[in-house]
Every structure is written in C-alpha cells, then in structure tokens.
Amino acid sequence: MTRSRLAPSPTGAQHLGNARTHLIAYWAAQQAGQELLLRIDDLDSPRVKAWAVQQAIDDLAWLGIECHGAPVIQSSHQQHYQQILERLTDATAGLAYRCACSRNDIAEALSAPHESRFRGEGPIYPGICRPPDGRQASAEDSYWRLRASEQQLVFHDRVLGTQGCCPADELGDFPMTTRSGQVSYQLAVVIDDHLQGVDTVVRGNDLVASTFRQLQIHQLLGWDPPAYAHVPLVLGVDGRRLAKRHGDTRLSFYRENGVSASQVVGWAAYSLGLIDRQEPCAARDLITQFDWKKLSAEPTVIDPVTLFG
C-alpha cells in the first residue's frame, strides 16, 4: 500500500489555503487508493500553539477529510532525528560543518547579496564558516549546516512538470539544526516521511526550493525520495499570501459564522477547475472528479470578505 500524508503545522489556525491543499491531497490519495496519514509538524516549538493541534484535527474532520490511523506527532521522532543527524555528520566528509552565523553576520558579509531565484529564500549563504577556508565555529552556540550539492538535481512534479536546480549556485548551504540542537525542517521532514513510508508528498508550491535540499539529504542517506506535487497557493487581492491583513480566513472563523464545510469544499473544487460552478459539495463526492491535468500552476486570488457572500 502506497502512502501520502498531511502535515499541518500548529503554529496557528488552518486557513482557506491550507484547506485547499489538504483537499487536493485527500482527493489524490483516495483516487490512487493510497493511505493518507496525518502528521502534526510541531518542531517549530517557539511558535507552536497548544490549541492549534486539536483545532487542525477538528478542521480536517469538519471538511470531511478521512485519514488512516491515529495522528502522529512529529516531535515523537526525536530519537530518530538524533541518530540520523549523527550518521550524516559522521559520514559526509566535510559536507556538514559547524556554523555560528547569525542573520546579521550574513547580512554584514554580503555587500552585494546573491539572491536566490526562489521567492522568499533570501540571500545565498556566503560561506563564512565553510571549511576549509571559513572561520572555525565551536560546538558551543553553533549549529550544523550542510554544504549544498554542486550537482544539478531534477525531479518531476505532478503539477509543475520537470524541475531542476543546482543547490550550490541557487540556494546555498543550509542549516540542519538550530543552535539548541533541534533538527531543522529540511532534515526532519525527510526522516519523518521515510519512517512513515510516505512515497507521495502534496504541498504548496512555495516549498519547491525545499524539495531540492531534501533530495540532497535523501541522496546522502541512500533513501528513495517520494513523488512530489506542488500545488498552487491561495493569495489575497494584493497578490500576497493569506494573512490577517486580508480579513479572517481561518476555517474556525467560517465554521463559527455559519459557513458550511460543503461551501468551503465547493469553493476549493471550483477554484481548481474540478467543477463548473461554485456550489456546496461533500469532499467524498469529488474524489472521482479529481484530475491532476486540470490543476493550473498559477495561484488563486480571492477576497475572503466576499467569498461566501
């Protein structure tokens, strides 16, 4: 049995954009006969909200998304993270190195920042602590950084088609841990998916850059990567990602104000081109309507205030 997964982060409430991505994953998994797992990605501890864990579970149930088995809490994998981190740092022959750079250190070192072509990625790390010529960072108050691959990495995306990138040129070396020793998202998600046997990942297309980092980690560990589908985002009328400035887009807000789950599901299906008009629908009734070929790579722009009348 093949597996896909949902991995909401409990750093805040689930909103309309999250709901649409979760529905795509649900429809695709059901149509392909896959198990759909639920994992709560709670490693971003300073930002995690205790109430958001149960609310994410409740939101998915409200939408009619059925997952296989009990939810897995990401932080329960801590022992595995440390084992794999030690394996990577011991066996990568200088690819993993200690770094003490803060954001200010990096900004001050970049008189002419080399920006990544990937939106939101910021400047490419200039190698301040990279061996053999960089400064030597002690284990105290530092973190592990991985030297980016100099090879062209390629994967086929179900929505975006063939994607290629040379991480060293276009992304730069990236952190594998925080200063506290907690593994980063890039490493944790690779380990999580491997432990759970996930072979299909559906997520927002703002994570394409992360995929190349994760492909490199898969290579270093000798693991087969999953298949990827990076789906379009939902944006506000100003072309920016949904936020409080656009009005309240929380699923809990709509639920509390009389909007039904079927209205949200119908909007999501219509916005993706799966149905011809926006009308209430049950999630399970749209499984047969789902078609990857209908999905555009372009974002959907909405006005949350007027979306449901």
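This is a predicted model: local features need pLDDT of at least 70, side-chain atom pairs count only at pLDDT 80 or more; totals for chains, interfaces and linings use all residues.
Me: Which element gives the largest share of the largest nonpolar core?
Reply: That core has 43 residues, and Trp292 is one of those with the most contacts inside it, along with Leu16, Trp27 and Leu295. Elements giving two or more residues to the core include β2, α2 and β10. The largest share is nine residues, and the helix they come from is α1.

Me: How are α1 and α9 oriented to each other?
Reply: Let's start with their axes, which come within 10 Å and cross at roughly 75°. Angles of 65 to 115 degrees count as roughly perpendicular. The two helices, α1 and α9, are therefore roughly perpendicular.

Me: How many nonpolar residues does the contact of α1 with α9 have?
Reply: On the α1 side, the contact includes Leu16, Leu23 and Trp27, while Val264 and Trp267 are among the residues of α9. Sorted by class, there is one polar residue and one charged residue, and the number of nonpolar ones is nine.

Me: How many residues apart in sequence are the parts that the pair of Phe118 and Phe212 ties together?
Reply: Good one to look up in the structure! The rings of Phe118 and Phe212 form a tilted pair, 6.1 Å centre to centre with 50° between the planes. Phe118 lies in the loop between α4 and β5, and Phe212 in helix α7, so the parts tied together are apart in sequence by 94 residues.

Technical notes
Residues are numbered from 1 along each chain as its sequence is written. Side-chain values use heavy atoms; hydrogens and water are left out. Axes are lines fitted to C-alpha atoms, for helices over the stretch in contact, and angles run from 0 to 180 degrees between N-to-C directions. Helices (H or I, at least four residues) and strands (E, at least two) are DSSP runs, numbered from the N terminus. Angles under 35 degrees count as roughly parallel, over 145 as roughly antiparallel, 65 to 115 as roughly perpendicular and the rest as oblique. Contact means heavy atoms within 4.5 Å. Ala, Val, Leu, Ile, Met, Phe, Trp, Tyr, Cys and Pro count as nonpolar, Asp, Glu, Lys and Arg as charged, and the others, Gly among them, as polar. A nonpolar core is a set of buried Ala, Val, Leu, Ile, Met, Phe, Trp, Tyr and Cys residues joined through side-chain atoms within 4.5 Å. Buried means under 20% relative accessible area, exposed over 50%, partly exposed in between (1.4 Å probe, protein chains only). Rings of Phe, Tyr and Trp (its six-membered ring) pair if their centres lie within 6.5 Å; planes under 30 degrees apart count as stacked, over 60 as edge-to-face and the rest as tilted.
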